[in-house]
Amino acid sequence: MNANSSNLSNPESNVTASVSDSSTDASTTNNSPASSQGQQMWGGRFSEATDSFVAAFTASVGFDQRFARHDIQGSIAHATMLKECDILTADEVATIIDGLQQVLREIEAGEFNWSIALEDVHMNVESRLTDIIGAVGKKLHTGRSRNDQVATDIRLWLREETDNIIALLVRLQSGLLDLADQHTDTIMPGFTHLQTAQPVSFGHHVMAWFEMLYRDTERLVDARRRINQMPLGSAALAGTTFPIDRTITAELLGFEGICQNSLDAVSDRDFAIEFTSAASILMMHMSRMSEEIILWMSAQFNFVQIPDRFCTGSSIMPQKKNPDVPELVRGKAARVFGQLMTLLSLMKSQPLAYNKDNQEDKEPLFDCVDTLTGCLLAFGDMLPNITPNKENMRAATMKGYATATDLADYLVRQGVAFRDAHEVVGNAVALGIKEGVDLSDLSLAQLQQFSNAIGEDVFDYLTLEGSLAARDHLGGTAPNQVKKAVINGRARLKAFA
């Protein structure tokens with residue numbers, strides 16, 4: 001997360017809990033937009049003040065103050081548009097913008113007094129603005145509603161966080177490319193059903209991780225286009241009677257497009273669901289990587305080591321080195337999946353247009369972004385620093401008759417039908433198991449008893465190096481193909497830079 005947003009990352013750090021707190025009682029000043037009805041800025045229609053518990057229960061300022069910078073950014077653009085459309089004067093807008101900038105400085109300095117009585121970030125900012133500049137501050141809300149205001153804020157915030165996450169993904173993928181490049185010739189067993197299947201290059205395995213993350217990056221880039229559509233100008237649900245120009249605001253805020261239907265613009269959160277879906281797929285991939293690292297670090301595998309700074313020990317067993325970071329990433333995947341389900345469930349029964357339910361969209365989204373960001377930061381430091389235990393990997397590859405398919409392919413090239421070759425190799429493996437040796441350790445005479453198509457050159461195909469080198473095609477595990485894949489990966493990654 002960037003520095004600006006992290007300043008606001010503790011949303012409950014400075015919130016005034018009491019509805020009647022005189023330190024933030026906007027009704028005590030002539031310039032305040034709040035009425036006497038429990039400070040609410042919409043209280044004119046009501047005959048009694050909001051119950052203090054209800055005020056606290058319905059308030060969102062404890063968490064949505066994270067939007068403060070984006071809310072002010074949107075308000076400055078909105079005010080500028082009102083000036084360009086001759087709805088507000090140039091002097092009024094200059095005063096409003098100066099006041100908003102002062103509010104932002106107070107927030108960034110930690111000097112802003114957030115009030116639950118003012119419900120949310122929007123009302124807190126507007127109330128403080130009016131305290132600073134007087135009655136002209138009340139004109140800022142002309143031609144908009146909190147409905148399109150919050151929809152704009154969440155898109156501005158999520159667009160920025162998506163960019164940050166894409167940058168972290170690119171950093172992680174760059175580290176994986178470096179790791180793969182160092183280990184194109186390092187041999188390890190490839191698995192199916194967690195059983196030794198065929199020899200692969202460790203670099204090839206790492207490049208499989210890269211491809212997963214590359215698709216995740218593509219998904220986020222594509223989702224960003226739908227995040228980056230502007231709802232501002234939709235007002236409460238039907239648009240506004242003022243002669244606004246939404247293209248001005250969209251250009252000022254860097255939106256790629258404008259939401260085409262006011263009802264849809266203020267009420268749907270499918271862009272947040274899409275982001276969380278992409279995040280869930282990404283976390284699923286990171287969880288799979290974590291599972292492999294956890295297995296590989298065990299004494300039963302002993303394939304890799306990760307730096308001590310990513311591990312912890314045991315309070316009772318002094319020999320332990322626990323892979324806490326990958327275990328936590330594996331666990332946090334479930335957390336992100338849960339936030340996706342929360343957002344889907346939140347939206348599934350809502351009629352058009354905006355409903356108070358949508359106040360509940362923020363905390364799951366915040367948690368999803370924070371969790372994903374932390375996991376990517378940890379992986380970006382940890383994965384490129386994996387050290388493979390080459391000897392153990394090679395020894396494990398020798399145990400599972402990993403070159404059996406190579407022997408079958410050899411026989412097919414000698415004119416033996418594949419199904420017959422399959423049976424020949426099965427018999428040879430059975431002999432190897434009986435003798436306690438690998439296929440490459442059987443003598444030529446032992447192999448030839450199963451097929452006279454086997455010649456002295458068979459041993460060129462039964463070595464681990466020969467097995468890797470034979471898979472010399474696009475997407476194959478041959479070391480020179482892995483090197484090409486790394487070069488191609490670096491070129492493809494530049495598209496996200």
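**Exercise 1. Which residues touch the most other members of the largest nonpolar core?**

Solution. This is a predicted model.
- Start with the size: the largest nonpolar core has 92 residues.
- Next, pick out the residues that touch the most other members: Ile-96, Phe-275, Met-286, Leu-376, Leu-383 and Ile-386.
- Then find the main contributor. Helix α7 (residues 146-182) supplies the largest share of this core, 13 residues.
- Finally, look beyond it. A second, separate core has 19 residues, among them Ala-408, Val-424, Ile-454 and Val-458.

**Exercise 2. List what Leu-383 touches, not counting residues up to four places away in sequence.**

Solution. 
- Leu-383 touches Leu-172, Leu-176 and Leu-179, among others.

**Exercise 3. Work out how helix α4 (residues 68-84) and helix α5 (residues 90-108) are oriented.**

Solution. 
- Read the geometry: the angle is about 175 degrees, and the axes lie 9 Å apart.
- Apply the cut-off: angles over 145 degrees count as roughly antiparallel.
- Therefore α4 and α5 are roughly antiparallel to each other.
- Inspect the contact. Its residues include Ile-72, Ile-76 and Ala-79 of α4 and Ile-96, Leu-100 and Leu-104 of α5.
- Sort by class: 12 nonpolar, three polar and three charged residues.

Definitions and conventions:
Residues numbered from 1 in each chain as written. Predicted model: local features only at pLDDT ≥ 70, side-chain atom pairs only at ≥ 80, totals over all residues. Heavy atoms only, no water. Core = buried A, V, L, I, M, F, W, Y, C linked by side-chain atoms within 4.5 Å. Buried < 20%, exposed > 50% of the residue type's maximum accessible area, 1.4 Å probe, protein only. Helix = DSSP H or I, 4+ residues; strand = E, 2+ residues; numbered from the N terminus. Contact = heavy atoms within 4.5 Å. Axes fitted to C-alpha atoms, helices over the stretch in contact; angles between N-to-C directions. Parallel < 35°, antiparallel > 145°, perpendicular 65-115°, else oblique. Nonpolar A, V, L, I, M, F, W, Y, C, P; charged D, E, K, R; others polar.
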